[in-house]
Amino acid sequence: EDVSNYDQARGLKVQNARLLNELETLSSMGVETDKVQRTMRLMVTDNESIRRRIAETQKLIQRRKDQIDNLQGDSVSLEERCDELQERLREAYAEAGIRVPRL
């Protein structure tokens with residue numbers, strides 16, 4: 001009976017050591033899982049931040065394109081106005097009998 005108690009105690013000790021080892025493994029896996037989850041949350045946050053910045057940049061680009069389009073339209077209008085004024089000036093010089101300078 002003493003031997004069987006000794007064998008049982010030794011068996012329990014071995015089983016206890018194995019279970020302790022498994023517990024340590026599971027615990028470290030839990031720590032690694034937490035790290036991975038934290039990293040994933042940061043990546044999601046970074047991704048959302050990047051998407052927001054991309055959307056803001058796209059809006060800014062569109063505003064700049066609109067401004068360029070408006071300025072080009074203004075430029076064409078001003079060129080046409082300049083041409084009209086030069087023509088009127090030529091006509092005024094001609095009516096006054098003044099030789100037209102080169103414009």
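What follows is a chat about the helix, outline and salt bridges of a predicted model.

Me: Hey, what kind of model am I looking at here, and how many helices and strands does the protein have?
Reply: The model is a predicted one. The protein has one helix and zero strands.

Me: Ok, and which residues does helix α1 cover?
Reply: Helix α1 takes in residues 2–96.

Me: What does the C-alpha trace span along its principal axes?
Reply: About 140 × 20 × 10 Å.

Me: How does the radius of gyration of the protein sit against that of a compact globule?
Reply: A compact globule of 103 residues would come out near 13 Å, but the protein has 43 Å.

Me: What share of the residues counts as buried?
Reply: That would be 0% of the 103 residues.

Me: How many salt bridges does the structure hold?
Reply: Four. One of them links glutamate 32 with lysine 35, with 3.5 Å between the closest N and O atoms.

Me: Where do glutamate 32 and lysine 35 sit relative to each other in the helix?
Reply: They're three residues apart in helix α1, so about one helical turn separates them.

Me: Which residue does glutamate 84 form a salt bridge with?
Reply: Arginine 81, and the closest N and O atoms of that pair are 3.7 Å apart. Glutamate 84 and arginine 81 are three residues apart in helix α1, so they're separated by about one helical turn.

Me: How accessible are glutamate 84 and arginine 81?
Reply: Glutamate 84 has 46% relative accessibility and counts as partly exposed. Arginine 81 counts as partly exposed too, at 42%.

Me: What about arginine 90, which side chain does it meet in a salt bridge?
Reply: Arginine 90 meets glutamate 87, at 3.6 Å from N to O. Both lie in helix α1, three residues apart, which is about one turn of the helix.

Me: And how accessible are arginine 90 and glutamate 87?
Reply: Arginine 90 has a relative accessible area of 32%, so partly exposed. Glutamate 87 counts as partly exposed at 38%.

Definitions and conventions. Residues are numbered from 1 along each chain as its sequence is written. This is a predicted model: local features need pLDDT of at least 70, side-chain atom pairs count only at pLDDT 80 or more; totals for chains, interfaces and linings use all residues. Side-chain values use heavy atoms; hydrogens and water are left out. Helices (H or I, at least four residues) and strands (E, at least two) are DSSP runs, numbered from the N terminus. Buried means under 20% relative accessible area, exposed over 50%, partly exposed in between (1.4 Å probe, protein chains only). The radius of gyration is taken over C-alpha atoms; the globule rule is 2.2 Å times the number of residues to the power 0.38.
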